[in-house]
Amino acid sequence: MKHGIGAVLLALLAAAGAADPLPARAPEIASYDIEVRLTPGTQRLSGRQRVTWRNATPDAVGELWFHLYLNAFRNSQSTFVRESGGQLRGDRMPDDGWGWTEVTSIRTADGVDLAAGATFEHPDDDNAEDRTVWRVPLPAPVPPGGTIELDMAFEAQLPRVFARTGYFRDYFLVGQWFPKLGVYEPAGTRGRASGGWNCHQFHANSEFYADFGRYRVAITLPQRFVVGATGKRVEKRANPDGTAVHVFEQADVHDFAWTASPRFVEVKARFSGATDVTAAEYAEAAALLGRSLEEVRLSDVDVTILMQPEHMRQAERHVAAAKAGIKWFGLWYGRYPYETLTVVDPAYGARGSGGMEYPTFITAGTTVLFNRWPLDRLRLPEEVTVHEFGHQYWQGMVASNEFEESWLDEGFNSYATGKAMRQAFGPWTLEVLGLRVSSAELPRLGNSVERMFDRVRTPAWRYSSSNNYGFNSYARTDLTLRTLEGLLGERTMARVMRTYHERFRFRHPSSEDFYAVVDEIAGRDMRGFFAQAVERPGVLDDEIAAITSARVEPPRGVFGEGPARRTISAREAREQAREKDAAGGRLWRSTVLVRRRGEVVLPATLRLEFEGGDAQVMALAEGEPPAGSVDVERAGLLPGGAGGEPWRGRFKRLEVVTPKRLLAARLDPEGRHELDVNRLNDARRVEPDPRAATTWSARLVFWMQQMLALAGL
Ligand SMILES: [Zn+2]
């Protein structure tokens, strides 16, 4: 909130050389003290919670809005089920596996009953049957700076695991389970005209948004269950009735999830800031980021992996991946501030609960097949664990609004995950029977002109399709940030990401906040890049459409006037040419036709490759290329480098006259245009070399086939 002033203050602090720009604590806005009992046979939760909400805005707030997420699974009429058609994230909703929640009582701390005035709201669509958003008018507004406490009781039926949460036999992954406040946003937040609750319905393609606070959760369930949860276990006691109470606490978080199963095997590990990072790695990170060694120093973390017994052979892989995440995200963006991390390996049959993130608590994804040849070299289990861990940074701490700007969490995290994976485990994500696909190549596979219809920045439920939600929020943002890195350079990009994280840790930044950090750290206006790559539809697809290179023929025909008129015959011209050839002096005229098939205009460079190994790299700048004959070896065609204004037409035709024959032309030889939807048309040879072309396309097709096969696993 009030981030205009906050950003100025932070900038001043940074300018004054404040010791550590990482904020130590989150603002306490929405805190929950919950007692919940799980009755396994019925899959029911009975809960009581005291909710404390502090009004950190300048508005007097007369109502509270809650998410009742489990009602997404209530019946076929919910917005979630209508949108998803009962299928999500590669999983299908089981028949009759409904879930729901009901608030049975809600009172202020002094006993005023608020239930009578409460209503279900559907701010995003006209679905009056959706019960995932609940509005509670208050007897008196909460003044700016004021606090309200509510006592609530709720009952919940967990769904059969399908989308993230629920049960499968005696495995429970309990997420989105308690009545949870939305975020009150004052006027000006993400461009809103007046203050109000940001509390969206639960959509098929959307995740979450909440304020930070302190959680204390006491979970009661039969003693045979192994339990894991957000935060730190502060108490565990046995009751005479055969149940146990597990109490977890965590501050500075905006959600709480837990899991229980009698089958979990608990694997303990510890990340050590002293021994898991070398002195050289600290020094390298400090130099890259321009920070002191103290600022990049990491703290210790207790890691708990809750494994399915049949996956035990992969336990060490999850430990290694969790440690890699803590290390590389910590070094690059700022130390992981929590004492614990819990990684849950979901039960077979509960795949829908895998690959999910909650504060200090993530769910992994694996299958027993990944133990075995030839699939044992797929890095997918590591990738999922590193990715879900990465959400501690992008969405966990930098708490963007996943409903409205999913690219800021999923996409930033995909970009960061790829970097961490390459750093920790090498370039290859997939390695099967000699085939290798790198994590850098994977996001490109889905990129095509089909992506021209959507803007990257779109509310999650408003993309043209669920597939386009996924591609834009994840892979396309990864490619966008890698393209930005190509334009800014690795060091500047690293400092952009560090600064953005530091400045917005424990806050709710929007896209504009990120753009401002980029401009500030890069020292130039990059809005044009984001306007095209993020805010507008359209794709990047520059191509070399045609290329020629031919000898410059000596002049022939009629020259001069009056007595001086003479005719050079074709035979004479050929003779002249032969003489020049013998002397080695004949020139080559070469043409290159560059075309823009997409809407996105980025600074582009072109590499011309001449006979004998000579090459010339030029910026394709706005304006006409120099006319006539140019000695590219001496003068160059146009200023090199990719700064300045890119060319803006639909095509550009270059003609050069040189002593050597042009062999090939290649756009973006530095490989910075990661966003280009077709990299096969970026280069062309004067004499087509079918061998090279088929090798590329064969490789591409092969990858795609492998991906499809994998997706079907
Ligand atoms: Zn994710």
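Tutor: Helices (H or I, at least four residues) and strands (E, at least two) are DSSP runs, numbered from the N terminus. This is a predicted model, in which local features need pLDDT of at least 70, side-chain atom pairs count only at pLDDT 80 or more, and totals for chains, interfaces and linings use all residues. Residues are numbered from 1 along each chain as its sequence is written, and side-chain values use heavy atoms, with hydrogens and water left out.

Student: In which strand does R135 lie?

Tutor: R135 belongs to strand β8, which spans residues 133-142.

Student: Which residues are in contact with R135, leaving aside neighbours within four places in sequence?

Tutor: Contact means heavy atoms within 4.5 Å. With those neighbours set aside, R135 touches E63, L64, W65, G117, A118, T119 and E121. The C-alpha atom of T119, 16 residues from R135 along the chain, is separated from that of R135 by 5.3 Å. With E63, the side chain of R135 makes a polar contact to the side chain at 3.0 Å; such a contact is a pair of N or O atoms within 3.5 Å, where within protein one must be able to donate a hydrogen and the other to accept it, and residues adjacent in sequence count only if both atoms are side-chain atoms.

Student: Where is E207 found, and is E207 buried or exposed?

Tutor: E207 sits in the loop between β14 (196-198) and β15 (213-222). Its relative accessible area is 4%, so E207 is buried. Beyond four places in sequence, its contacts are R164, M356, E357, E402, F403, D409, E410 and Y469.

Student: How do α8 and α10 cross?

Tutor: Axes are lines fitted to C-alpha atoms, for helices over the stretch in contact, and angles run from 0 to 180 degrees between N-to-C directions. The axes of α8 (residues 466-488) and α10 (residues 511-522) come within 12 Å and cross at roughly 20°. The two helices are therefore roughly parallel, given that angles under 35 degrees count as roughly parallel, over 145 as roughly antiparallel, 65 to 115 as roughly perpendicular and the rest as oblique. L481, L484 and L488 of α8 meet F514, V518 and A522 of α10.

Student: How do α8 and α9 cross?

Tutor: The axes of α8 and α9 (residues 490-504) come within 7 Å, crossing at roughly 125°, and the pair is therefore oblique. From α8, L481, L484, E485 and L488 meet E490, T492, M493 and V496 of α9.

Key: Buried means under 20% relative accessible area, exposed over 50%, partly exposed in between (1.4 Å probe, protein chains only).
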